[in-house]
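Subject: Structure handover

Hello,

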Amino acid sequence: MAKKKVVHYINQFYAGMGGEDTASVGLSTKTGPVGPGVGLAHDLGEGYEIVETIICGDNTIAEKTAEIIPQIVQIVKKAKADLFVAGPGFNAGRYGLGCGATTAAITEQLKIPAVTALFAENPGTDLYKNRCYILQSDNNARNMRKVLGEVAVFAKRLIVGDNIGDGKAEHYHGSGPAVPIDYSIPGATRGINMLLDKYYGKPFKTEVIMPNHEEIPIPVLKKPLAECKIGLVTDGGLVPFGNPDNQVPTNSKAFKRYSIEGMDALNPKDWEVSHQGYNNAFVLQDPNRLVPVDAMRKLVKEGVVGALDDVIYSTAGVMTPMDKCKKFGEGIAQALLSDECDAAIETST
């Protein structure tokens with residue numbers, strides 16, 4: 001049986017061409033495995049052959065992505081590859097961009113099995129995790145052998161058309177590549193066929209892939225609650241009456257800080273809501289039910305809580321992209337730390 005043809009993408013460092021000093025080298029190819037490709041070839045086994053290794057400098061792929069990616073697609077197409085593997089890129093930023101961009105392009109344009117592996121915080125992960133398979137890896141290359149083995153196992157599953165589950169179960173970032181849907185077949189028929197395939201243990205692919213959110217560990221208070229200063233944060237769109245900052249009701253552009261200094265409670269006359277994602281009548285009637293200033297002031301007076309921050313943070317979460325929400329969260333967290341808050345209560349709708 002003919003061996004499966006594999007094309008592997010790596011950067012100048014793993015090709016042995018140098019480090020940062022050679023990060024601007026252009027696109028080139030070598031026959032056979034190079035660098036980590038030797039380990040990948042071993043893990044893929046006898047039925048596979050790395051026929052070509054694509055090499056590109058990290059600066060080049062990051063700065064000329066639109067120019068380089070079509071060339072890489074043509075190289076893989078010309079090689080008649082059955083499988084494309086990039087990296088793994090771990091937490092190397094520009095290399096990760098290259099791994100993600102190439103894997104997404106091959107997945108979408110050539111529609112052959114393609115996979116890479118990156119650390120969660122690699123910028124390439126966020127950019128391409130919903131366009132291709134990006135396996136979860138460590139943040140550095142100390143476990144290169146282990147990750148190469150995982151990539152090889154996953155790649156071979158793609159080759160045989162194995163049923164690939166959601167990201168949490170399969171340890172890849174995001175939702176993976178989009179599933180092609182044949183709309184000439186009625187939705188009810190597709191659904192029944194999918195159910196029967198699942199029942200009989202046959203490979204199937206859901207048309208609605210749930211996002212694979214990262215898991216955030218629950219932090220622990222560093223001192224008793226009675227000594228803690230608490231901040232209040234909401235994505236329910238509470239704004240001062242008149243909305244002086246023009247906070248938008250959907251797809252938020254920013255979060256805002258509003259003073260509550262000297263207030264025992266939020267007065268309904270002073271607040272309104274800029275949010276189109278829920279029935280906000282109860283908030284207009286009593287804004288403390290969204291941002292519990294009255295209850296927190298009471299707990300402070302009773303000594304249950306040490307203090308309440310003199311500002312609240314507000315934005316409208318509805319239809320706001322996840323990457324923007326993360327930036328809001330980072331900004332609010334930094335502001336809370338600057339205010340010497342020990343914890344925060346986040347209220348949603």
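**Salt bridges**

A network of salt bridges links Asp-126, Lys-129 and Lys-326. Please keep in mind that this is a predicted model. Over the whole structure, the search gives 13 salt bridges.

Three further pairs may be of use to you.

- Glu-108 and Arg-131 form a salt bridge whose closest N and O atoms are 2.8 Å apart. Glu-108 sits in helix α4 (residues 93-110), while Arg-131 is in the loop between α5 (123-128) and β6 (133-136), so the pair ties together parts that are 23 residues apart in sequence. Glu-108 is partly exposed, at 34% relative accessibility, and Arg-131 is also partly exposed, at 34%.
- Lys-223 and Asp-342 form a salt bridge, with 3.4 Å between the closest N and O atoms. Lys-223 belongs to the loop between α8 (187-199) and β7 (229-234), and Asp-342 to the loop between α11 (322-338) and β12 (343-347); the pair therefore ties together parts that are 119 residues apart in sequence. Lys-223 has a relative accessible area of 34% and is partly exposed. Asp-342 is partly exposed as well, with 34% relative accessibility.
- Arg-289 and Asp-294 meet through their side chains in a salt bridge, at 3.1 Å from N to O. Arg-289 is partly exposed, with a relative accessible area of 44%, and Asp-294 is partly exposed at 25%.

**Cysteines**

The disulfide count is 0. Cys-132 is in no disulfide, and the nearest cysteine sulfur, that of Cys-99, lies 9.7 Å away; the cut-off for a disulfide is 2.5 Å between the sulfur atoms. Cys-132 is buried, at 0% relative accessibility, whereas Cys-325 is partly exposed, with a relative accessible area of 29%.

**Pocket and cavity**

The second largest pocket holds about 650 Å³ of space. It is lined by 26 residues, and those closest to its centre are Tyr-133, Pro-177, Ala-178, Pro-180 and Lys-205. By class, the lining of this pocket has 14 nonpolar, 6 polar and 6 charged residues.

How many cavities of 30 Å³ or more are there? The count is 1. The largest cavity has a volume of about 30 Å³. Its lining includes Gly-237, Leu-238, Val-239, Gln-247 and Val-248, along with Ser-252, Ser-274, Ser-314, Thr-315 and Ala-316. The lining of the largest cavity divides into 4 nonpolar and 6 polar residues, with no charged ones.

Regards

Note on methods:
Residues are numbered from 1 along each chain as its sequence is written. This is a predicted model: local features need pLDDT of at least 70, side-chain atom pairs count only at pLDDT 80 or more; totals for chains, interfaces and linings use all residues. Side-chain values use heavy atoms; hydrogens and water are left out. On a 1 Å grid over the protein atoms alone, a cavity is a set of points where a 1.4 Å probe fits but cannot get out, and a pocket is an open set with protein on both sides within 12 Å along at least five of seven lines; lining residues have an atom within 4 Å of a point. Grid points are joined across faces, edges and corners, and a volume is the space filled by probe spheres set on the points. Ala, Val, Leu, Ile, Met, Phe, Trp, Tyr, Cys and Pro count as nonpolar, Asp, Glu, Lys and Arg as charged, and the others, Gly among them, as polar. Buried means under 20% relative accessible area, exposed over 50%, partly exposed in between (1.4 Å probe, protein chains only). A salt bridge is a side-chain nitrogen of Lys or Arg within 4 Å of a carboxyl oxygen of Asp or Glu. Helices (H or I, at least four residues) and strands (E, at least two) are DSSP runs, numbered from the N terminus.
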